[in-house]
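Hi,

Here is the structure I promised to pass on to you. Have a look at it first, and then read on for what turned up in it.

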Amino acid sequence: MQTGESSAVVAIIAAYRPDPSLEQGVRQLVQQGVRVLVVDDGSPSGFEGVFAQLTQAGARVLHQPENAGIAAALNAGIALARSEGDPDYVLTLDQDSRPNPFYVQNAIETARRAASAGIDVGFICASAYSGHAVPTMGSVGSFTEAFDPMQSGFMIPIETIDRVGVFDTGLFIDGVDSEYTMRVRSAGLHVLVGEACDIDHDLGQRDRARLLGRPVVVFGREISFNYHSPSRVYYICRNGTALTRRYALKAPAWTFRRLVEEGKAHLLRFTFSPGRRKLIWAAIAGFADALRGRTGRIPAELERRLK
């Protein structure tokens, strides 16, 4: 692992129909001394102006011919970055993520201190998303081990990529980060929480749980949940089941905890979401395709029927 005073970092941002506000995110990264690659994951026409602004802000834009999923977009960015000379670290980000002004410095410093303490670092992840601390699973030395971090904010040493490879394109969307985390751990490396590595991140469409038109309150706390489209629920169920099958024996405690968290989310989703019939249909299709071993993009006919 790199231990010198300076490190070359390439940030790879997967973008699809990006908001113009991404320009400010690019500028903030450039100010932190980061080379920025924005991978357009097959956006339709009408976003040329946004991508031109990103180029002016200092990013290099790579256009993919079609939406092949976040794993494929990140992998394309990694391949391009490496073709021009290996960086020391790759930082993966979503288009709606804004790392704090010292994120890069803090993440690298965490990695260096851990390496100096004799810890094999797989990668560093964010410490919090929009004020919500990432779930953890104990510690190694004086460093905190992350449980199941989101991909946005992964600061990955290039040595880790050499050792375990890139992201699993078969998962397409959901579970890409979980699979990479567990593949890194299976190689004997640690996934550590970066000190003061906070990210402002859009946490999705949050809906209030209602029963007979009234908000559901438990122990004085109003219950809410993340709403997802039927197609997204398909991926959540398919890929979550695939990960359970893959890691149930290798990492039973992690798998069980992840199942519990998914189970709670499913309970709220299928109880309180609008359009529950399509959501349940999508879930059944996802579970079935996981058992069949199907990967990649959702079948086109199923996606059409779920709209």
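Let me start with helix H4, residues 103-116: its 14 residues reach 20 Å from the first C-alpha to the last, close to the 20 Å expected at 1.5 Å a residue (the expected span is 1.5 Å times one less than the number of residues). Helices (H or I, at least four residues) and strands (E, at least two) are DSSP runs, numbered from the N terminus.

A word on the basis: this is a predicted model, where local features need pLDDT of at least 70 and side-chain atom pairs count only at pLDDT 80 or more, while totals for chains, interfaces and linings use all residues. Residues are numbered from 1 along each chain as its sequence is written, and side-chain values use heavy atoms, with hydrogens and water left out.

Back to H4: its buried residues include Tyr103, Val104 and Ile108 (buried means under 20% relative accessible area, exposed over 50%, partly exposed in between, with a 1.4 Å probe and protein chains only). After H4 comes glycine 118, with a positive phi near 85 degrees.

Next, serine 43 sits in the loop between strand E2 (35-40) and helix H2 (48-56). Serine 43 counts as buried because its relative accessibility is 15%. Leaving out residues up to four places away in sequence, serine 43 touches Ala15, Tyr16, Arg17, Pro18 and Phe51 (contact means heavy atoms within 4.5 Å). The side chain of serine 43 also reaches the backbone nitrogen of arginine 17 at 2.8 Å.

Enjoy exploring!

Definitions and conventions:
Polar contact = N/O pair within 3.5 Å; in protein donor to acceptor, adjacent residues only side chain to side chain.
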